[in-house]
Amino acid sequence: MTNATGNEPVSGYESLKTKEAIASLSSRSQVELAEIESYEHTHQNRLSVFDKLRWLRQDEPLPGYDALSSSEGIVVALEKADLAALKRVRGYERKFHARREILDEVDRLHRERRVPLVSRDAER
């Protein structure tokens, strides 16, 4: 990732006070969060920043998910996803972005792909 100083994980990060740094983390991709965590270890080493990073850091629900540029790109990727991936996307979206159109698409695809339960009476 390129930035102003060549050393910062994201441009302007070094000048952020602790509360500002923590507030900025929620809008970052998993790649950026990893870079920020590495930077914090070797520079300011702020415990409260690490606490927030521990809560935010997780694997993307699909490879390259954070790099998808639009909701349309995500919807295309969802078409190929299995039920387990759809559940991961739902949890990830709820935690990070809460984009209604993506959550609605996940729910629609999940309903379509879910195996219907068979009634006990049908087995007799």
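Me: At what angle do the axes of helix 4 and helix 6 cross?

Reply: This is a predicted model. In it, the axes of helix 4 (residues 71-79) and helix 6 (residues 100-113) cross at roughly 15° and come within 10 Å.

Me: Why are helix 4 and helix 6 called roughly parallel?

Reply: Angles under 35 degrees count as roughly parallel. The axes cross at roughly 15°, and helix 4 and helix 6 are therefore roughly parallel to each other. The crossing of helix 4 with helix 6 is right-handed.

Me: Which residues of helix 4 and helix 6 meet?

Reply: Helix 4 contributes Ser71, Ile74, Val75, Leu78 and Glu79, and these meet Glu101, Ile102, Glu105, Val106, Arg108, Leu109 and Arg113 of helix 6. Sorted by class, this contact has 6 nonpolar, 1 polar and 5 charged residues.

Me: What makes helix 2 roughly antiparallel to helix 3?

Reply: The angle decides the matter. Helix 2 (residues 30-42) and helix 3 (residues 47-56) pack at about 150°, and their axes are 11 Å apart. Angles over 145 degrees count as roughly antiparallel, so helix 2 is described as roughly antiparallel to helix 3. Their crossing is left-handed.

Me: Which residues form the contact of helix 2 with helix 3?

Reply: From helix 2, Gln30, Leu33, Ile36, Glu37, Glu40 and His41 take part; from helix 3, Val49, Phe50, Leu53 and Leu56. By class, the contact has 6 nonpolar, 2 polar and 2 charged residues.

Me: How many aromatic pairs are found in the whole structure?

Reply: The search finds 3 aromatic pairs. One of them joins Tyr13 and Tyr39, whose ring centres are 5.7 Å apart and whose planes stand at 85°.

Me: Why is the pair of Tyr13 and Tyr39 called edge-to-face?

Reply: Two values matter here. Rings pair if their centres lie within 6.5 Å, and planes over 60 degrees apart count as edge-to-face. With centres 5.7 Å apart and planes at 85°, the rings of Tyr13 and Tyr39 meet both conditions, so the pair is edge-to-face.

Me: Which parts of the chain does the pair of Tyr13 and Tyr39 tie together?

Reply: Tyr13 belongs to the segment before helix 1 (18-25), whereas Tyr39 belongs to helix 2, so the pair ties together parts that are 26 residues apart in sequence. Both Tyr13 and Tyr39 are buried.

Me: What makes the pair of Tyr92 and Phe96 tilted?

Reply: The ring planes of Tyr92 and Phe96 stand at 50°, with the centres 4.6 Å apart. Planes under 30 degrees apart count as stacked and those over 60 as edge-to-face, the rest being tilted. Tyr92 and Phe96 both lie in helix 5 (residues 83-96), 4 residues apart, about one turn of the helix. Both are buried. Together with Tyr65, Tyr92 and Phe96 form one aromatic cluster.

Me: How do you know that Ser48 is partly exposed?

Reply: Buried means under 20% relative accessible area and exposed means over 50%, with partly exposed in between. Ser48 has 33%, so Ser48 is partly exposed. Ser48 is placed in helix 3. Leaving aside residues up to four places away in sequence, Ser48 touches Thr18 and Ile22.

Me: What is said of phi in Asn45, and where does Asn45 lie?

Reply: Most residues other than glycine have a negative phi. Asn45 has a phi near 55°, a positive value in a residue other than glycine. Asn45 is in the loop between helix 2 and helix 3. Its relative accessibility of 42% makes Asn45 partly exposed.

Me: What is the phi of Ala98?

Reply: Ala98 is not a glycine, yet its phi is positive, about 55°. Ala98 lies in the loop between helix 5 and helix 6. At 49% relative accessibility, Ala98 counts as partly exposed, since exposed means over 50%.

Me: How many helices and strands does the chain have?

Reply: There are 6 helices and 0 strands. Of the 124 residues in the chain, 31% are buried.

Definitions and conventions. Residues are numbered from 1 along each chain as its sequence is written. This is a predicted model: local features need pLDDT of at least 70, side-chain atom pairs count only at pLDDT 80 or more; totals for chains, interfaces and linings use all residues. Side-chain values use heavy atoms; hydrogens and water are left out. Axes are lines fitted to C-alpha atoms, for helices over the stretch in contact, and angles run from 0 to 180 degrees between N-to-C directions. Helices (H or I, at least four residues) and strands (E, at least two) are DSSP runs, numbered from the N terminus. Angles under 35 degrees count as roughly parallel, over 145 as roughly antiparallel, 65 to 115 as roughly perpendicular and the rest as oblique. A crossing is left-handed if the near helix is turned anticlockwise from the far one by less than a right angle, and right-handed if clockwise. Contact means heavy atoms within 4.5 Å. Ala, Val, Leu, Ile, Met, Phe, Trp, Tyr, Cys and Pro count as nonpolar, Asp, Glu, Lys and Arg as charged, and the others, Gly among them, as polar. Rings of Phe, Tyr and Trp (its six-membered ring) pair if their centres lie within 6.5 Å; planes under 30 degrees apart count as stacked, over 60 as edge-to-face and the rest as tilted. Buried means under 20% relative accessible area, exposed over 50%, partly exposed in between (1.4 Å probe, protein chains only).
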